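Trainee: Could you walk me through reading the inside of a protein model?

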Amino acid sequence: MKLVSACLCGVNCKYNGKNNINLYFMELLREGEVIPVCPEQLGGLPTPRKPAEILGGSGQDVLVGNSRVVTRDGLDVTEYYIKGAYETLKIAQLADADTAVLKSRSPSCGNGYIYDGSFSYKTRKADGVTAALLKENGIRVTDEDDYMEKGVCQD
Ligand code: SF4
């Protein structure tokens, strides 16, 4: 079983109340092949919500208290991101999921690249908070970009 970022399946859980639908992942959900998760909602944040980014560090740094997740106007929302990561891990373990396909560049779901904390759509190398926690616990993390590069699905 795989986890998938819920926004990729068409769930309106994105910060702006919209989604990042990809028909391939929506079809997998329809067929019962994947479990949709939204770490930010699981952490207790509302939808819509203010966009947030990791300041300076990585998801791993956030998990050990060395970096923070903040909104554009400076509100510290770190605790919600950490809670959401652990709730997502709980679902993965309960479902015996070995893989998670997450939304690229997100401060929660980003795999290898995240927005750089400047709120200008620039990215830098790092995992999001949930991606980092899943990897630390032996779950393979990939993203929709990887599926597109391999030709499994289209944007
Ligand atoms: Fe939720 Fe992750 Fe999608 Fe953000 S990228 S809306 S946290 S599932």
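We'll go through cores, a helix and salt bridges.

Mentor: First, this is a predicted model, where local features need pLDDT of at least 70 and side-chain atom pairs count only at pLDDT 80 or more, while totals for chains, interfaces and linings use all residues. Residues are numbered from 1 along each chain as its sequence is written, and side-chain values use heavy atoms, leaving out hydrogens and water.

Trainee: Which residues touch the most other members of the largest nonpolar core?

Mentor: In soluble globular proteins, nonpolar side chains tend to be buried together. A nonpolar core is a set of buried Ala, Val, Leu, Ile, Met, Phe, Trp, Tyr and Cys residues joined through side-chain atoms within 4.5 Å. Buried means under 20% relative accessible area, exposed over 50%, partly exposed in between (1.4 Å probe, protein chains only). Here the largest core has 26 residues, and Val69, Tyr81, Leu102, Val129 and Leu134 touch the most other members. Its largest share, 5 residues, comes from α5; helices are DSSP runs (H or I, at least four residues), numbered from the N terminus.

Trainee: How many residues of α5 are buried?

Mentor: 6 of its 8, so α5 is largely enclosed by the rest of the structure. Val129 and Leu134 are among them.

Trainee: What about charged side chains?

Mentor: Side chains of opposite charge can pair when their charged atoms come close. A salt bridge puts a side-chain nitrogen of Lys or Arg within 4 Å of a carboxyl oxygen of Asp or Glu. One joins glutamate 40 and arginine 49 (2.9 Å, N to O). Glutamate 40 counts as buried, at 9% relative accessibility, and arginine 49 does at 10%.

Technical notes. Helices (H or I, at least four residues) and strands (E, at least two) are DSSP runs, numbered from the N terminus.
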